[in-house]
Amino acid sequence: MKMKKIFLDRNCPIKVLFFSIVIMALVGASSCSDFLNVDNYFDDEFKMDSTFTQVRYIEAYMWGAASLFTDEGFILRSNYTPGPYATDEGTNNFREGNNIYEGTNFAQGFITPDNLGNLNMWGTYYKVIRKCNTILNRMDEASDMTPVNRRYIEGYTRFWRAYAYYNILIDFGPPILLGDEVVANNESLEYYDRTRSTYDEAVEYICNEFELAAKGMPASVATMDFGRPARGAAYALASRLRLIHASPLFNGGQIARRYFSDWKRSTDGVHYVSQTPDESRWALAAANAKRVIDEPSESGFKYELYTVPADDNTPPLPASPINDPNYTSEWPNGAAGIDHYRSYDELFSGECAAPTVKEFIWARKSEQTKYLIRGPHPISLGGWGRFSVTQKMVDAYRMDDGRTIDEAMADGYYSESGYTGAVKMFSGYRLNAGVYNMYVNREMRFYASVGFNEAFWPCLSTTDVSAREHTAKYYAYDEDGRGTANEPLNYAMTGYVLRKYYHPMDALKGASARVMDKVFPIIRYAEILLNYAEALNNLTTTHTVEIDGETKTFSRDLSEIRWAFNQIRYRAGLPGLTDAELNDPGKIQKLIEQERMVEFMHENRRYYDVRRWGIYEQTEREPIMGMNADASDKDAFYQRVMPGSAAIHGRVIHRKLMFVPVPRSEIRRLPSFDQNPGWE
């Protein structure tokens, strides 16, 4: 058992402390499974008598449990979840298998039940669950507990417990559900032996806990408490989970059978994942999304997409051949009247006043996101220059008139030859002269998210003129290219880097250099809108579901799909759906998949999306491509190639990668526990 720091209570007798240490040693020597272990006997037993005497102590203990969750910004480096580097969004050069990029480790087959690296969060989540169960069992011992206090503490405690189970479910698969039980210490092995729930049982339990949590959580939190979830976070996470549950991988049918037909609980033969399709799950997912959409506030609806009004620097909407009569109407009925670049970019760069942004249903200040700015930052300016974006990701962004690159190639609006002849300024962004025409006329989310060769990096906080207003050049042996870094792995292997989360003031080198504070969006209103559109689109008949004690009826309502989907398109400055597209559910599904890929790039959604849709193997089989970073001249650089990195060529495709494996140490200690399929 790992020893942990002990913080002394000045009122705690030294003999109690001594006895605690003795008991800790006994606990460490027991056969108790890690997921049931207490933090240590001193913290969870001897301090409980004082902890539960007053409300303020209980509340502090509750927030202490919440602090065990990792900064959600850890999605690329030292990451707690596989994240973008385990998908077709991005990559880096690391291959060793013991590096801190767990997404590349996972995709290359280095993660095993014996070696999970930073992905080994199973025990941490169960520590949270145990602390929460302790609170729920003992909170009424406080002499000053009022009904208001109880409602608040119980609401948040249930939220954190549900959030722990949610994280277990989406990464490791079905958990062991403990209910309100506080598992005892030093019992026989048989006492600790538990079976996993089915996926269906886990979803119902977790969503029900989010429902109960919401009843005690505040509708909003004070500005100074930004980062704490409010009631909407519980509803939004339930929306996300209901959508996952309705999706093909977990909802019976061909895809569920392909991956899970043989995965049965060994104790009773029940399938862990249902093999029987249930369309009503899509209706329940729609109801959960609609509840968040309709969440009221004093001035209307609580959540809305973040937008910045257009000004003299905002480029006009281009003429579009896409037949959307509302395209040029004023926002929110169309795309006019807002600055599309700033409306998206400021959500991530640190420019917006995050506590006031209604799009953030739940977001947190993220020191990790701030730190990781050095990952894509140009090498010559003190960065690593290695957080690479794939060509597939670049190609997924549309043109500014709403067409795909393939559609726009026919009339030359999109071109893969030639270079810009003059500098173009818009919305505070500078598109340099000499930029490859592939990057011209693209939608604004592209410029806010991707750093390409000869892109401009302002770095305005530094007063060192040699370290600001920089044009990044990724040609081999150029100042930011391959062969110039202190480490051979530090370069943009695809010719692209992540620009999302970068602010024009961010600088790493020179006098006065600083990086703006960042927040990581755990869940945004944009996701709820696309959840709603997808759920409705997958309905073939009318379904009635119950939510919040009321019955709601849902069907494939074209006007609602159009409205929800078009909000995302209009904010990006693009035309909305056409009637022809709306009449084709299969086409709409593909458009939603593409839209989610672009809108949530490097927000840790793609990894889960390609799995729940059942397209993981398909997307992984497509080779990772980029520009030719081995070329030292311009024309040779702009050629689509598969980078010659072992980190790319060593990627594996296997059905077992639907889930992270459960640590083998847990399997050994729990005889009735079944490992995830493929990891046995």
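1. Asn-133 lies in helix 6, which covers residues 122-138; helices here are DSSP runs of H or I with at least four residues, and strands are runs of E with at least two, numbered from the N terminus. With a relative accessibility of 0%, Asn-133 counts as buried, where buried means under 20% relative accessible area, exposed means over 50% and partly exposed is in between, for a 1.4 Å probe and protein chains only. Not counting residues up to four places away in sequence, Asn-133 touches Arg-161, Leu-178, Gly-179, Asp-180, Glu-181 and Val-182, a contact being heavy atoms within 4.5 Å.

2. On provenance, this is a predicted model, in which local features need pLDDT of at least 70 and side-chain atom pairs count only at pLDDT 80 or more, whereas totals for chains, interfaces and linings use all residues. Residues are numbered from 1 along each chain as its sequence is written, and side-chain values use heavy atoms, with hydrogens and water left out.

3. For the chain as a whole, there are 26 helices and 14 strands, and the C-alpha trace spans about 80 × 60 × 50 Å along its principal axes. The radius of gyration is 26 Å, which agrees with the value near 26 Å for a compact globule of 680 residues; the radius is taken over C-alpha atoms, and the globule rule is 2.2 Å times the number of residues to the power 0.38. Buried residues make up 59% of the 680 residues, and of the contacts with a separation of 6 or more, 71% are between residues 24 or more positions apart.

4. Helix 10 (residues 231-246) and helix 12 (residues 280-293) have axes that come within 8 Å and cross at roughly 160°; axes are lines fitted to C-alpha atoms, for helices over the stretch in contact, and angles run from 0 to 180 degrees between N-to-C directions. The two helices are therefore roughly antiparallel, given that angles under 35 degrees count as roughly parallel, over 145 as roughly antiparallel, 65 to 115 as roughly perpendicular and the rest as oblique. The crossing of helix 10 and helix 12 is left-handed, meaning that the near helix is turned anticlockwise from the far one by less than a right angle, clockwise being right-handed. Residues of helix 10 in this contact include Tyr-235, Ser-239 and Arg-242, and those of helix 12 include Trp-282, Asn-288 and Arg-291. By class, the residues of the contact of helix 10 with helix 12 divide into ten nonpolar, three polar and three charged, where Ala, Val, Leu, Ile, Met, Phe, Trp, Tyr, Cys and Pro count as nonpolar, Asp, Glu, Lys and Arg as charged, and the others, Gly among them, as polar.

5. Helix 12 also packs with helix 18, at an angle of about 145° and with the axes 8 Å apart, again in a left-handed crossing. Among the residues that make this contact are Trp-282, Ala-289 and Lys-290 of helix 12, together with Tyr-525, Leu-529 and Glu-534 of helix 18. The contact of helix 12 with helix 18 comprises twelve nonpolar, one polar and two charged residues.

6. Helix 18 (residues 525-537) in turn packs with helix 21 (residues 585-599) at about 165°, with their axes 10 Å apart, and this pair is therefore roughly antiparallel. The crossing of helix 18 with helix 21 is left-handed, and the contact has six nonpolar, three polar and five charged residues.

7. Val-545 belongs to strand 13 (residues 543-547) and, at 10% relative accessibility, counts as buried. Leaving aside neighbours within four places in sequence, the contacts of Val-545 include Ser-280, Ala-283, Leu-284 and Ala-287.

8. Some backbone details deserve a check. Most residues other than glycine have a negative phi, and most peptide bonds are trans. Trp-331 and Pro-332 are joined by a cis peptide bond with omega of about 10°, and Pro-332 is found in the loop between strand 3 (300-301) and helix 13 (340-349). Asp-548, not a glycine, has a positive phi of about 55°; this residue is in the loop between strand 13 and strand 14 (550-554) and is partly exposed at 47% relative accessibility. Asn-604, also not a glycine, has a positive phi of about 70° and is found in the loop between helix 21 and helix 22 (606-612), where Asn-604 is buried with a relative accessible area of 6%.
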